[in-house]
Amino acid sequence: MMEVAKYLSRIGFTGSAVQPSLELLRSVHICHLLSVPFEDLTVHSGGEVRLDLQLIYDKIVNKRRGGFCYENNALFFWLLTHLGFHVTLMSAQVRNNITEMYGPPFDHLILLVTVEGRRWLCDVGFGPSGFSDPLSLDTEGLQEEGHRVYRIRTSQEMHFLEWQEENRGKDGDWTEIYKFTLSSRCLEDFTEMCQYHQSSPSSIFFCKSFCTLLRPSGRLTYIGHRLITVTFPSEATGGKLESTTIELKDEEIPAVLAEKFGIVLSSPLIPKDDPITPPAVRY
């Protein structure tokens with residue numbers, strides 16, 4: 001059975017979830033990001049990701065794994081709906097930092113949550129540039145999160161999520177993360193792209209084995225044969241963003257995944273960190 005209480009326990013939420021509110025939405029959003037890794041290890045350990053909520057629940061809640069966007073955000077959609085929120089599934093197209101190109105439609109799954117008369121963008125299935133708190137869809141103004149700042153720029157029906165890793169203000173250099181419309185989708189709409197990301201040399205999920213998890217003071221990321229620790233600016237770092245990388249041997253990776261991310265795979269992992277092939281079609 002899929003149980004709300006067990007899901008909330010999995011993400012470390014201990015507050016009241018009786019009434020949907022912005023406070024509750026923010027709380028479960030950050031709890032999810034701090035507890036459930038964004039990872040594609042199933043693809044690199046002989047498995048296949050299927051868009052079946054029962055399977056996703058068993059993987060994330062019972063087996064204490066993570067998943068990529070279709071898994072994490074689909075299950076989060078289920079949770080929010082059962083907590084009484086009005087939630088819409090939406091499609092986004094991610095701008096790849098390596099190829100500098102947008103992915104195809106249904107490249108990424110995101111959520112629109114309406115609560116207390118306002119619309120919020122939620123996403124618990126993204127990597128290092130992802131936001132921690134839900135972002136307002138009712139403003140194009142700056143939305144600060146610690147040392148970072150985000151904005152959602154609108155052009156006709158298309159919305160563009162942009163960020164600065166270090167806040168330089170509205171006149172600073174903005175980097176696009178993904179673009180999306182507010183059209184409502186269903187989980188089955190993402191089936192073809194879910195297969196694409198598990199088999200295409202133009203997908204980061206096929207080309208690189210990775211697992212990343214937000215922490216209160218930064219982010220921890222495994223990719224290929226590397227473990228990367230990012231520490232956010234603070235008094236301890238002299239106000240600077242710090243990053244350290246450790247090279248890993250094949251035999252060290254299972255212990256790192258278990259100790260750092262709480263992940264124990266049922267099949268051997270084949271580490272991978274191949275170049276991404278630019279897609280033939282420009283979107």
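In helix α2, the buried residues are L22, L24, L25, V28, H29, C31, H32 and L33. The structure is a predicted model.

**Helix α2**

- Helix α2 covers residues 22–35, which makes 14 residues.
- From its first C-alpha to its last, α2 reaches 20 Å, close to the 20 Å expected at 1.5 Å a residue.
- The cover over the buried residues of α2 includes the helices α1 (4–10) and α4 (69–82).
- Strands also contribute to that cover, among them β3, β4 (118–122) and β10.
- L33, one of the buried residues of α2, also belongs to the lining of the largest cavity.

**The eight-stranded sheet**

- Strand β2 is largely enclosed by the rest of the structure, because eight of its nine residues are buried.
- Seven bridges connect β2 with β3 in the antiparallel sense, and M90 stands opposite I110 of β3.
- On the β9 side, β2 is joined by three bridges, again antiparallel; here A92 stands opposite F180 of β9.
- Strand β8 (residues 158–164) runs antiparallel to β9 and is joined to β9 by five bridges.
- W163 has T175 of β9 standing opposite.

- N96 lies in the loop between β2 (86–94) and β3 (108–115).
- Is N96 buried or exposed? N96 counts as buried because its relative accessibility is 18%, below the 20% cut-off.
- Leaving aside residues up to four places away in sequence, N96 touches M101 and I276.

- Two bridges hold β1 against β10 in an antiparallel arrangement, and E39 has C211 of β10 as its bridge partner.

**The largest pocket**

- The largest pocket holds about 1,100 Å³ of space.
- Its lining consists of 45 residues, of which N97, G127, P128, S129 and I204 are the closest to the centre of the pocket.
- Which elements each supply at least two residues of the lining of the largest pocket? They include the helices α5 (191–197) and α6 (204–207).
- The strands β9 (175–180), β10 (210–215), β11 (218–223) and β12 (226–231) likewise each supply at least two residues of this lining.
- By class, 22 residues of the lining of the largest pocket are nonpolar, 14 are polar and nine are charged.

**The second largest pocket**

- About 390 Å³ of space lies in the second largest pocket.
- Among the 17 residues that line the second largest pocket, T42, E48, K59, K63 and R65 are the closest to its centre.
- Helix α3 (residues 53–62) gives the largest share of this lining, four residues.
- The lining of the second largest pocket divides into seven charged, five polar and five nonpolar residues.

**The cavity**

- Rolling a probe the size of a water molecule over the atoms shows where empty space is left.
- Across the whole structure, a search finds one cavity of 30 Å³ or more.
- The largest cavity contains about 40 Å³ of space.
- Its lining is made of L33, V36, F38, V124, F126, T212, L213, L214 and R219.
- Strand β10 gives the most to the lining of the largest cavity, with three residues.
- Seven residues of this lining are nonpolar, one is polar and one is charged.

Note on methods
Residues are numbered from 1 along each chain as its sequence is written. This is a predicted model: local features need pLDDT of at least 70, side-chain atom pairs count only at pLDDT 80 or more; totals for chains, interfaces and linings use all residues. Side-chain values use heavy atoms; hydrogens and water are left out. Buried means under 20% relative accessible area, exposed over 50%, partly exposed in between (1.4 Å probe, protein chains only). Contact means heavy atoms within 4.5 Å. On a 1 Å grid over the protein atoms alone, a cavity is a set of points where a 1.4 Å probe fits but cannot get out, and a pocket is an open set with protein on both sides within 12 Å along at least five of seven lines; lining residues have an atom within 4 Å of a point. Grid points are joined across faces, edges and corners, and a volume is the space filled by probe spheres set on the points. Ala, Val, Leu, Ile, Met, Phe, Trp, Tyr, Cys and Pro count as nonpolar, Asp, Glu, Lys and Arg as charged, and the others, Gly among them, as polar. The expected span of a helix is 1.5 Å times one less than its number of residues. Two strands pair if DSSP finds at least two bridges between them.
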